[in-house]
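Start by looking over the sequence and the structure.

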Amino acid sequence: AQGHNRVVALDGDMKNSTFSQNLLKVDKDRFIECFICEQNLIGVGIGVACRDRTIAFASTFACFLSRAFDNLRMGVISQTNLNVMGSHCGVSIGEDGPSQMALEDLAMFQSLPGCTVFYPTDAVAMERATELAANTRGITFIRASRPALPVIYKNEEQFQIGKAKIVKQSANDQVLVIGAGVTLYEAVKAAEQLAATGVNIRVMDPFTIKPLDWAAVQNHSAACGGRVVTVEDHYPEGGLGDAVLASLATVRNTVVKKLAVNAV
């Protein structure tokens, strides 16, 4: 927002939790409070982004965006350029409770034609995702976690849409583990514990779920003997695991095990 005067923020009465209120410190005239009415939030966002008048970012808890799905699907039809940030995703929000745990948001946004779905793991990846989203046509969705997570990437790390990162590997990895957000950190911990027992695994950060880096998934899966495990803070339907399954659908001798939130 400080670097571009066309950036505007739209809030669903969650500005103190999503930190969208920081834009008020830059220019209060570029902050639009839509209150607890998510259809209005997305509808106004589509309006202010019309004809590229603004670079609009609409944010709220990811679970509440399900209320605005009709507006989003119509936004696809009208070829809108709207950036949506959904925070507090998954069971990792803990004390906030189940009513605010987004566990179907990836499925919802992946179903939108042309939508780019970012799932940044740390603060550096989040900053790069925001920059890329601002320069990407169509609807974009950035999935943000609530927990304070350590930074794993250097400030100068380069990210691209549709390009995954390998955060841990060896010459004799036996399984490819793909995680994002909070589950990537757990995958790294598991890799370290397994390495102590003589078992090496490869850990991948997809960065974008849609488009997923099919080439990286296929190549690293083959390097690990065709054994893949996906770990996600999302229901098993329509999330990271299903995206990985799609990328490997035509690959022989490959087995994918999905670890997800399997029940309410």
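Two strands pair if DSSP finds at least two bridges between them. Helices (H or I, at least four residues) and strands (E, at least two) are DSSP runs, numbered from the N terminus. This is a predicted model, in which local features need pLDDT of at least 70, side-chain atom pairs count only at pLDDT 80 or more, and totals for chains, interfaces and linings use all residues. Residues are numbered from 1 along each chain as its sequence is written, and side-chain values use heavy atoms, with hydrogens and water left out.

The sheet is open and mixed, with 7 strands in the order β2-β1-β3-β4-β6-β5-β10. β2 (31-33) and β10 (208-210) are the edge strands; each has a single partner strand, so one side of each lacks a neighbour in the sheet.

| Pair | Sense | Bridges |
|---|---|---|
| β1 (residues 7-11) and β2 | parallel | 3 bridges |
| β4 and β6 | parallel | 4 bridges |
| β5 and β6 | parallel | 3 bridges |

Aspartate 11 has glutamate 33 in β2 as its bridge partner. Isoleucine 142 in β6 stands opposite methionine 85. Phenylalanine 118 also stands opposite isoleucine 142. From β5 the chain crosses through α6 to β6, a right-handed β-α-β crossover (with the strands pointing away from the viewer, the path from the first strand over the helix to the second runs clockwise).

Which way do the β6 side chains point? Thr140 and Ile142 point one way, Phe141 and Arg143 the other, and all are buried (under 20% relative accessible area, 1.4 Å probe, protein chains only).

Methods. Buried < 20%, exposed > 50% of the residue type's maximum accessible area, 1.4 Å probe, protein only.
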